[in-house]
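Please open the structure in your viewer and keep the selection tool at hand.

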Amino acid sequence: MATSGVKLLGAKQSPFVTRVMMALEMKSIDYELVVMNPHLKPELLSKTNPVHKKIPVLIHGERAICESLIIVQYIDDAWTNGPSILPPHPYDRATARFWAAFVDDKLVPLLGQLREAEGEEAKELVIKKLSEAFMRLEEAFINCSKGKAFFGGDSVGYLDIALGSFVGLIRVVEMMNETKLLDETKTSRLAGWAERLYSDSLVKDVLMDPQLLLVQLQKFLATMPKAASE
């Protein structure tokens, strides 16, 4: 399938957009990143994602695909060249999807709660819940990786993308709260995985340095209307 006519609507500092960029890089797909701030309600975003009006949106020819994990699966199905993203075995695919849903349903909301928490006691409670979530992901890594470097085995796969796109944001949260979420003493394998991911040749070019990401996020949040700054 030709790689022309591919556009990605989004912003590099969004981990959800990073997911799609990681998948596109893995498949060596040429694409245009159309930078946009969803809080400014750009017309193109409203047209291509009228239901949620959120980034990312992948435009492939005349078709628009929404929601980051759905886009990643679409990329894997639409471009059969390059490494497979989802595991070949149905059980492994189901397991990867389960833990990707865990990231979105459990981990991501906790990161938001930590940003909103007021007072040390409230923050400590959220950090404890985050620690428990990472310990579960540590167990998932042991089971999914089967002793290899990534959730996907020898190379980056679907769950590596689902969670790995948030590593930069996790580091930012650690810096802002003077804490350690990916703790080498509690989740040593997950911490090692995060380091390997940032040096992997397939995806390292789209993973932002945490210090740079912090600066970019601060600029991005400054453009948000108060009502949208959740």
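Helices (H or I, at least four residues) and strands (E, at least two) are DSSP runs, numbered from the N terminus. The model is a predicted one, in which local features need pLDDT of at least 70 and side-chain atom pairs count only at pLDDT 80 or more, while totals for chains, interfaces and linings use all residues. Residues are numbered from 1 along each chain as its sequence is written, and side-chain values use heavy atoms, with hydrogens and water left out.

**First stop: a pocket**

On a 1 Å grid over the protein atoms alone, a pocket is an open set of points where a 1.4 Å probe fits, with protein on both sides within 12 Å along at least five of seven lines; lining residues have an atom within 4 Å of a point. Select helix H4 (90-116), helix H5 (120-145) and helix H6 (158-164): each supplies at least two residues of the lining of the second largest pocket. H4 gives the most, with four residues. The volume of the second largest pocket is about 450 Å³, taken as the space filled by probe spheres set on grid points that are joined across faces, edges and corners. Next select Pro87, Asp92, Cys144, Phe151 and Gly152, which are the closest to the centre among the 24 lining residues.

A salt bridge is a side-chain nitrogen of Lys or Arg within 4 Å of a carboxyl oxygen of Asp or Glu. The whole structure contains six salt bridges. Because aspartate 104 lies in helix H4 and arginine 19 in helix H1 (residues 15-26), the pair ties together parts that are 85 residues apart in sequence. Residues are classed by relative accessible area: buried means under 20%, exposed over 50%, and partly exposed in between (1.4 Å probe, protein chains only). Arginine 19 is buried at 0%, whereas aspartate 104 is partly exposed at 24%.

**Third stop: a second bridge**

Now select arginine 171 and glutamate 195, a salt bridge with its closest N and O atoms 3.5 Å apart. Arginine 171 belongs to helix H7 (residues 167-177) and glutamate 195 to helix H8 (residues 188-197), so this pair ties together parts that are 24 residues apart in sequence.
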